[in-house]
Amino acid sequence: MLEIKGLMAGYGKLTVLHDINLTVQKGSLTAIVGPNGAGKTTLMNSILHVNQIMKGEILYNGKTISAMEPHEIAAMGIGYVPQARNVFPGMTVEENLDMGTYLSDPHADTKKMIEAIYTAFPRLKERKKQKASTLSGGERQMLALGSVLLLKPELLILDEPITGLAPQIVTELIESIMQIKEQGTTLLWVVEENPMQILPLSDIVYVMDGGTIKTKKTGMEFVGAPDFMEMFLGN
Ligand SMILES: Nc1ncnc2c1ncn2[C@@H]1O[C@H](COP(=O)(O)OP(=O)(O)OP(=O)(O)O)[C@@H](O)[C@H]1O
């Protein structure tokens, strides 16, 4: 579904990624791990072309997307939830989700679409009249995810969706994300915390360090490796 070939990318004149080769199979969960500064976020940003691509090619369903504009890439079915958990803080949960339906088909039943998000995230339904600025970190992440899901992405890119959240909400979020996968969405997930909860569920794990891919393993192979923690932490 997604194929990255010989990618060199960065910011302005700064090259962060060197010769990245990566594939994501349709229907899979692919995890990216690596220490701080490895280039994980830069790689996600490159897929959406929000930074500089110096060399190489990114293909989505066989079509080159690396020269396209970010909004054209999103319109092809790639959803991105960045680390910042972007929501409109001054609007209620309900208003945020309404905004998320703005780009949908004019004949779409937007009420039904929002109900489906409330089913996936009951916490959001309970807080629909609450301003997004008053949500907890985990609830805000659910709202950011819900808003992107309204665009019905085929491929969903999640940059550290559970980092810094309380264990109870982490469990809820992982369950919701796995349901999203079961419903047919392909996932590309940057994992920084809770590796034992997520990596065994991952079809493929790529380990990044210093702007390159160091290793590629299946999730079970990765967590079963004797040097698993060293690989995860980049030591
Ligand atoms: N907007 C930017 N301008 C210049 N350099 C940047 C920018 N964003 C990131 N970098 C640099 O690119 C390198 C890789 O950063 P990146 O955020 O991709 O790493 P990461 O693996 O996602 O790290 P973390 O786990 O800490 O989020 C770092 O050295 C960082 O300082």
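Two strands count as paired if DSSP finds at least two bridges between them, and strands here are DSSP runs of type E with at least two residues, while helices are H or I runs of at least four, both numbered from the N terminus. With that in hand, strand E7 (residues 155–159) and strand E8 (residues 186–190) pair in the parallel sense over five bridges. The views below come from a predicted model, in which local features need pLDDT of at least 70, side-chain atom pairs count only at pLDDT 80 or more, and totals for chains, interfaces and linings use all residues. Residues are numbered from 1 along each chain as its sequence is written.

**View 1. E7 and E8 belong to an open sheet of six strands.**
Follow the order E6-E7-E8-E3-E9-E10 across the sheet, and you will find mixed pairing. Strand E6 (78–81) and strand E10 (212–218) each have a single partner strand, so one side of each edge strand is left without a neighbour in the sheet. From one strand to the next, the twist averages 15°; angles here run from 0 to 180 degrees between N-to-C directions, and axes are lines fitted to C-alpha atoms, for helices over the stretch in contact. For a landmark in E8, look for Thr-186, the bridge partner of Leu-155.

**View 2**
Contact means that the C-beta atoms of two residues, placed from the backbone, lie within 7 Å.

**View 2. H6 meets helix H7 in a left-handed crossing.**
Helix H6 (residues 137–149) and helix H7 (residues 167–182) pack at an angle of about 10°, with their axes 10 Å apart. The two helices are therefore roughly parallel to each other, a term for angles under 35 degrees. A crossing is called left-handed if the near helix is turned anticlockwise from the far one by less than a right angle. On the H6 side, Gly-138, Gln-141, Met-142 and Leu-149 meet Ile-169, Leu-173 and Ile-180 of H7. This contact has five nonpolar, two polar and no charged residues; Ala, Val, Leu, Ile, Met, Phe, Trp, Tyr, Cys and Pro count as nonpolar, Asp, Glu, Lys and Arg as charged, and the others, Gly among them, as polar.

Strand E1 (residues 2–11) pairs with E2 over seven bridges, and Leu-2 has Val-24 as its bridge partner in E2. In the E1–E2 hairpin, with two residues between the strands, Gly-12 takes a positive phi near 55°. Seven bridges also join E1 to strand E4 (residues 52–60), where Glu-57 is the bridge partner of Lys-5. Two bridges join E4 to E5, and Tyr-60 stands opposite Lys-63.

**View 3. Twelve residues line up around the ligand, among them Tyr-11, Asn-36, Lys-40 and Glu-192.**A residue is near the ligand if its C-beta atom, placed from the backbone, lies within 6 Å of it. Strand E2 (14–24) and helix H1 (40–47) are the elements that give two or more residues to this shell, and H1 supplies the largest share, three residues. By class, the shell has four nonpolar, six polar and two charged residues.

Key. Parallel < 35°, antiparallel > 145°, perpendicular 65-115°, else oblique.
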